[in-house]
Amino acid sequence: MQIALIAAHAERAERGGVESVVWTQARALAERGHAVRIVAGTSTAAREPSTERELRAGIDILRIARTAAEPFGLELTHPRVIAQVQRAVGSAEVVHLHHWYTLSEGLVAALAREHAVVVSLHDHFASCPRFFRCAPEGGPVCPVGVDHATCARCVALDLPIPPLRELERRLEARAARFATELAAAQAILVPSRAHAARLARALPALGARLRVLAPGIAPELARRRPRRRAWDGRGELVILHCGRRSTQKGTLDLVRALAPLPRGRVRLLAHGGSSSPGFDEELARAAPGLALELHGPYDPQSL
């Protein structure tokens, strides 16, 4: 079977969580005999429209660059990019979209005319331009359900020029576009029941369409995992946190949750590097008694 995976990035070096999921999925499908292609965006805009091709471990990777005239924003529909992705997907029988933000909205609706399309919702981008339904410092409390007026106040922290009512209208239009996108998907996957429950509150039309499928583990980790007894509530609990450390990723929430525990009860190993200067110091201040080990970027082998 020909399968195309659409991702925000296909990095050569350090990979984040979604990139790791996509790469692991691509290799596992290829090992089962499928013809796999990754179609990805790029972090930075190019001066001219461009597509870069790479063959890595037998996986065909195409990177499509947006230009400065196709910026990231509340309106993210870029017809040229959609057409490029359609050409890159080619004759794939199944397309699995993992994210839109470096490419364009409208990909699912366009691709679903000729392909079976699966969507994985790794975060809250379909209902939140900030990805995580987490307002920055000084912003409003994120609403539990649909509340475009509150979301407009949050977005206004970065877009202070348009009137709030105009921002609210644009957010309503954005929500309608993503509703159309998700309606066109043949299956919608989420990584956990907790994520599904929160998504359903913000995107009530999805309802029972959300299917929980935990991400696979990288083969390197599966082979090397030490076989140990599960923690039985006695002695020290060791928690491994993988991924970029940031407020949006919940790292500070995790540290604060562990702070009240007695010394010696828990040790937190955090791998992946910090998202901003001073954030690691903020983590240390939040739980001065916690055995906290902070490590930098990693790959599956080193992890």
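Mentor: The crossing of H8 and H9 is right-handed. Keep in mind that this is a predicted model. Helix H8 covers residues 251-258, and helix H9 covers residues 279-286. Their axes come within 9 Å and cross at roughly 20 degrees. Angles under 35 degrees count as roughly parallel, and H8 and H9 are therefore roughly parallel to each other.

Now the contact itself. H8 brings Thr 251, Leu 252, Val 255 and Arg 256. H9 answers with Phe 279, Glu 282, Leu 283 and Ala 286. By class, the contact of H8 with H9 has five nonpolar residues, one polar and two charged.

The largest cavity holds about 120 Å³ of space. Its lining has 14 residues. Closest to the centre of the largest cavity are Cys 128, Cys 142, Pro 143, Cys 151 and Cys 154. The lining of the largest cavity divides into 11 nonpolar residues, one polar and two charged.

The second largest cavity has about 60 Å³ of space. Ten residues line the second largest cavity, and Ala 10, Glu 11, Glu 19, Trp 23 and Ile 38 are the closest to its centre. Helix H1, residues 17-31, gives the most to this lining, with three residues. The classes in the lining of the second largest cavity are five nonpolar, one polar and four charged.

H1 turns up again at an open site, the second largest pocket. About 550 Å³ of space lies in that pocket. Its lining counts 26 residues. Nearest the centre of the second largest pocket lie Gln 25, Leu 213, Ala 214, Pro 215 and Gly 216. Which elements give two or more residues to this lining? They are H1, strand E6 (116-120), strand E7 (187-190) and strand E8 (210-212). H1 has the largest share of the pocket lining, seven residues. By class, the lining of the second largest pocket has 15 nonpolar, seven polar and four charged residues.

To recap on H1: this helix gives the most to the lining of the second largest cavity. H1 also gives the largest share to the lining of the second largest pocket.

Conventions: Residues are numbered from 1 along each chain as its sequence is written. This is a predicted model: local features need pLDDT of at least 70, side-chain atom pairs count only at pLDDT 80 or more; totals for chains, interfaces and linings use all residues. Side-chain values use heavy atoms; hydrogens and water are left out. Axes are lines fitted to C-alpha atoms, for helices over the stretch in contact, and angles run from 0 to 180 degrees between N-to-C directions. Helices (H or I, at least four residues) and strands (E, at least two) are DSSP runs, numbered from the N terminus. Angles under 35 degrees count as roughly parallel, over 145 as roughly antiparallel, 65 to 115 as roughly perpendicular and the rest as oblique. A crossing is left-handed if the near helix is turned anticlockwise from the far one by less than a right angle, and right-handed if clockwise. Contact means heavy atoms within 4.5 Å. Ala, Val, Leu, Ile, Met, Phe, Trp, Tyr, Cys and Pro count as nonpolar, Asp, Glu, Lys and Arg as charged, and the others, Gly among them, as polar. On a 1 Å grid over the protein atoms alone, a cavity is a set of points where a 1.4 Å probe fits but cannot get out, and a pocket is an open set with protein on both sides within 12 Å along at least five of seven lines; lining residues have an atom within 4 Å of a point. Grid points are joined across faces, edges and corners, and a volume is the space filled by probe spheres set on the points.
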